[in-house]
Amino acid sequence: MKGAVSTRWIVVAGVLVALLLAGVASFYASGDPDGLTKVSEDQGFAQTEQEHQTGDGPLAGYETKGVADGRLSGGVAGVLGSLVVLTIAGGGALVVRRRRTSAEA
Amino acid sequence: MHVPDGFLDAPTSVATGVVAAVGIGLALRGARRELDDRTAPLAGLVATFVFATQMLNFPVGAGTSGHLIGGALAAVLVGPATALLCMSVVFLVQCLLFADGGITALGTNIFLMGIVTVVVGWAVFRGLQMVLPQRVSSVPAAAAGAALVSVPVAALAFVGLYAVGGTVDIPLASLTTAMLSVHVLIGLGEAAITFLAVGSIVAVRPDLVYGARRVLATRSLVLRTATK
């Protein structure tokens, strides 16, 4: 495919889009309870939800502990989370994939 | 649809945990067939995009929101086995770092939003592909249809789990109606986002899209016959 966009370009552009979504756009997301949470409230089993064991972690609830500004706190959490996911999933895929040369595999 | 700790009883959580573990084991083997040097980088991108997009709750009706699940999207882009691995990484990170989705419910969340949406999404996608014109341009539409169906089916799967291991006695009919009505709307959002995301990669590099491989293969086969 001559003149085609390179895979590297697509991955870099895609990751940048993801970082913008998680780091910036997420501030404008709806804060209303999600579908399951709302149903659990309406149907009367919301109270069975237990406290999360990592609920006081540094990024719990998509907020960065110690960062007062809401926009920055959520943005930093989103960017860090995206990078962690990228590292684990991207690294994992490189390990799992078929290698081009049999010598490497 | 992240299930917190406490909604389902311990036996059910253990059972979904076992199903999730077996699913991941199978996916690790299957992903070897889907991933090669060319497509492996896309897996990291797909997981990152799903994580980011899951932060974007959109309103669905009064006082309720929903976000993309992404199982169908991931299955079409990188193949169902790799998709389950990508989704599992997202749920693991959300659970441990962001306190989103309970720790004892991790298996449940991987089952509902990973296995169910990936398997249903991929099956519907393949079904639609057979019905729709055999063109690359049909791929985003088939992916959107798969996304649309995958969300309410996952909601029904939750009802099924709740019927077996819910910690409170809830009339199942009203739970089913409530879960379905919200998640059909979330499914519409899921379909729109999936259409745009799959459409943009299909537009620039259809050869990278796992769900487009079959159409591309048929196309080159036809060309070769024609030149002979």
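Biologist: Which residues is B:Ser150 in contact with, leaving aside its neighbours within four places in sequence?
Modeller: In this predicted model, B:Ser150 is found in helix 6 of chain B. B:Ser150 is buried, with 32 other C-beta atoms within 10 Å, where 20 or more are needed for that label. Leaving aside the neighbours within four places in sequence, its contacts are B:Ile69, B:Gly71, B:Ala72, B:Thr117, B:Val120 and B:Gly121.

Biologist: How are helix 3 of chain B and helix 5 of chain B oriented to each other?
Modeller: The axes of helix 3 (residues 71-78) of chain B and helix 5 of chain B come within 7 Å and cross at roughly 60°, and the crossing is right-handed. An angle under 35 degrees would count as roughly parallel and one of 65 to 115 as roughly perpendicular. The two helices are therefore oblique.

Biologist: Which residues of helix 5 of chain B meet helix 3 of chain B?
Modeller: From helix 3 of chain B, the residues that take part are B:Gly71, B:Ala72, B:Ala74, B:Ala75 and B:Val76. The residues of this contact between helix 3 of chain B and helix 5 of chain B divide into eight nonpolar, four polar and no charged. On the side of helix 5 of chain B, the residues are B:Met113, B:Gly114, B:Thr117, B:Val118, B:Gly121, B:Trp122 and B:Phe125.

Biologist: What is the handedness of the crossing of helix 1 of chain B and helix 5 of chain B?
Modeller: Helix 1 (residues 10-34) of chain B and helix 5 (residues 106-131) of chain B have axes that come within 7 Å and cross at roughly 55°. The two helices are therefore oblique to each other. Their crossing is left-handed.

Biologist: How do the residues of the contact of helix 1 of chain B with helix 5 of chain B divide into nonpolar, polar and charged?
Modeller: Helix 1 of chain B brings B:Ser13, B:Thr16, B:Gly17, B:Val19, B:Ala20 and B:Gly23, which meet B:Gly107, B:Thr108, B:Ile110, B:Phe111 and B:Ile115 in helix 5 of chain B. The residues of this contact divide into five nonpolar, six polar and no charged.

Biologist: What is the separation of the C-alpha atoms of B:Leu8 and B:Gly166?
Modeller: B:Leu8 lies in the segment before helix 1 of chain B, and B:Leu8 is buried, with 26 other C-beta atoms within 10 Å. Leaving aside its neighbours within four places in sequence, B:Leu8 has contacts that include B:Ser13, B:Thr108, B:Leu161 and B:Gly166. Although B:Leu8 and B:Gly166 are 158 residues apart along the chain, their C-alpha atoms are separated by 4.6 Å.

Biologist: How far apart are the end C-alpha atoms of helix 2 of chain B?
Modeller: Helix 2 (residues 40-53) of chain B is mostly covered, with 14 of its 14 residues buried. At 1.5 Å a residue, its 14 residues should span 20 Å, and this agrees with the placing of its end C-alpha atoms, which are 21 Å apart.

Biologist: Which element of chain B gives the most residues to the side that touches chain A?
Modeller: In the contact between the chains, 64 residues of chain B meet 55 residues of chain A. The elements that give two or more residues to this side of chain B include helix 1, strand 1 (58-59), helix 4 (80-98) and helix 7 (172-204). The residues of this side divide into 42 nonpolar, 15 polar and seven charged. The most, twelve residues, come from helix 2 of chain B.

Biologist: Which elements of chain B do the buried residues of helix 2 of chain A pack against?
Modeller: In helix 2 of chain A, the residues A:Gly35, A:Leu36, A:Lys38, A:Val39 and A:Ser40 are buried. The elements that these buried residues pack against are strand 2, helix 6 (139-165) and helix 7 of chain B.

Biologist: What is the phi of A:Tyr62?
Modeller: A:Tyr62 lies in the loop between helix 2 (35-43) and helix 3 (70-96) of chain A, and A:Tyr62 is buried, with 21 other C-beta atoms within 10 Å. Most residues other than glycine have a negative phi. In A:Tyr62, however, phi is positive, near 60°.

Definitions and conventions. Residues are numbered from 1 along each chain as its sequence is written. Chains are lettered from A and ligands numbered from 1 in the order in which they are written. This is a predicted model: local features need pLDDT of at least 70, side-chain atom pairs count only at pLDDT 80 or more; totals for chains, interfaces and linings use all residues. Axes are lines fitted to C-alpha atoms, for helices over the stretch in contact, and angles run from 0 to 180 degrees between N-to-C directions. Helices (H or I, at least four residues) and strands (E, at least two) are DSSP runs, numbered from the N terminus. Angles under 35 degrees count as roughly parallel, over 145 as roughly antiparallel, 65 to 115 as roughly perpendicular and the rest as oblique. A crossing is left-handed if the near helix is turned anticlockwise from the far one by less than a right angle, and right-handed if clockwise. Two residues are in contact if their C-beta atoms, placed from the backbone, lie within 7 Å. Ala, Val, Leu, Ile, Met, Phe, Trp, Tyr, Cys and Pro count as nonpolar, Asp, Glu, Lys and Arg as charged, and the others, Gly among them, as polar. The expected span of a helix is 1.5 Å times one less than its number of residues. A residue is buried if 20 or more other C-beta atoms lie within 10 Å of its own, exposed if 12 or fewer, and partly exposed in between; C-beta atoms are placed from the backbone.
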